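I'll jot down what I look up, sheet by sheet, and then turn to the pocket and the rings.

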Amino acid sequence: MYVPNAFRQDDLAELHAQIRANPFALLASAGGEGVQASHLPLLLEPEEGEFGTLYGHFARANPHWRELRDGAEALAVFSGPDAYISPAWYPAKAEHGKVVPTWNYIAVHARGPVELIDDPQRLLGIVGRLSDRHEAGRPQPWAIDDAPREYLDAMLRAIVGFALPIRRLEGKWKLGQNRSAADQAGVHAGLNDSAAPRDRELAARMTLSP
């Protein structure tokens with residue numbers, strides 16, 4: 001990922017928080033069948049390894065997992081809020097007109113070797129932890145033990161789990177840090193006044209220059 005210094009995010013706690021807030025990832029890899037990508041919910045275990053370990057599972061019918069045998073590397077992309085930035089929001093437009101549109105966004109890339117998991121008990125643990133994570137806080141949370149065991153066993157046979165120990169973790173917070181304080185304030189106001197919730201979410205993530 002191309003990350004200019006102004007947009008680089010190296011704080012591990014911030015990177016982990018972004019992953020937890022946006023767990024539905026794009027998992028991509030390159031192999032004998034070319035580049036493949038799958039959209040998957042991933043679970044972060046932050047204490048496992050230097051940068052944490054990601055867990056998830058494929059449908060067994062998805063051929064992607066077969067390309068990840070023998071510890072092949074994969075890239076997990078976690079996308080945060082993003083928004084179109086209009087040049088009309090920059091005070092610089094009225095001053096000299098030398099402004100163009102751009103797109104601001106937050107993204108985290110996690111790379112590492114993939115360990116495929118076929119053991120039923122480990123698979124059950126992955127599915128259980130994923131479910132617990134997303135059922136937490138619900139009035140009547142579903143638990144994996146709510147389903148009949150024979151049904152669970154059939155479902156487990158239909159998936160292939162994996163662990164991805166993160167070897168490289170990159171964050172890009174492109175929030176206009178390269179613009180003047182006045183232009184940043186203009187962008188913040190434009191996003192904050194938008195009817196789109198994702199625009200306002202991005203505005204909330206901006207730290208304005210003094």
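I began with Ala107, which stands opposite Lys172 in strand 10. Strand 7 (102–113) and strand 10 pair in the antiparallel sense, over seven bridges. For my own use: two strands count as paired if DSSP finds at least two bridges between them. Helices (H or I, at least four residues) and strands (E, at least two) are DSSP runs, numbered from the N terminus.

A note on the source: this is a predicted model, where local features need pLDDT of at least 70 and side-chain atom pairs count only at pLDDT 80 or more, while totals for chains, interfaces and linings use all residues. Residues are numbered from 1 along each chain as its sequence is written, and side-chain values use heavy atoms, with hydrogens and water left out.

Lys172 turned up again: Arg8 also stands opposite Lys172 in strand 10. I see two bridges joining strand 1 to strand 10 (residues 168–174), and the two run antiparallel.

Which order do the strands of this open sheet take? I read 1-10-7-6-2-3, six strands with antiparallel pairing. Strand 1 (8–9) and strand 3 (34–41) are the edge strands, each pairing on one side only. Strand 6 and strand 7 are joined by eleven bridges and run antiparallel. In that part, I found Ala74 opposite Gly112 in strand 7.

Next, the helices on this sheet. Helix 1 (residues 12–21) lies across strand 1, strand 6 (73–85), strand 7 and strand 10, and runs at about 85 degrees to strand 10. Helix 6 (residues 197–205) packs on the sheet too, touching strand 6, strand 7 and strand 10, with its direction at about 100 degrees to that of strand 6. Contact here means heavy atoms within 4.5 Å. Axes are lines fitted to C-alpha atoms, for helices over the stretch in contact, and angles run from 0 to 180 degrees between N-to-C directions.

Then I moved to the other open sheet, four strands in the order 4-5-9-8, again with antiparallel pairing. Strand 4 (43–45) and strand 8 (115–117) each have a single partner strand, so one side of each is left without a neighbour in the sheet. The twist averages 25 degrees from one strand to the next. Three bridges join strand 4 to strand 5, and Leu43 has Tyr55 in strand 5 as its bridge partner.

How many aromatic pairs does the structure hold? I count two, where rings of Phe, Tyr and Trp (its six-membered ring) pair if their centres lie within 6.5 Å; planes under 30 degrees apart are stacked, over 60 edge-to-face and the rest tilted. Phe58 and Phe162 form a tilted pair, 5.1 Å centre to centre with 40 degrees between the planes. Phe58 is in strand 5 (residues 53–59) and Phe162 in strand 9 (residues 159–165), so the pair ties together parts 104 residues apart in sequence.

Of its 14 lining residues, Tyr90, Thr102, Lys174, Asn178 and Arg179 lie nearest the centre. Strand 7 and helix 5 (181–192) are the elements that give two or more residues to this lining.

Technical notes: 1 Å grid on protein atoms, 1.4 Å probe; cavity = no way out; pocket = protein on both sides within 12 Å on 5 of 7 lines; lining within 4 Å.
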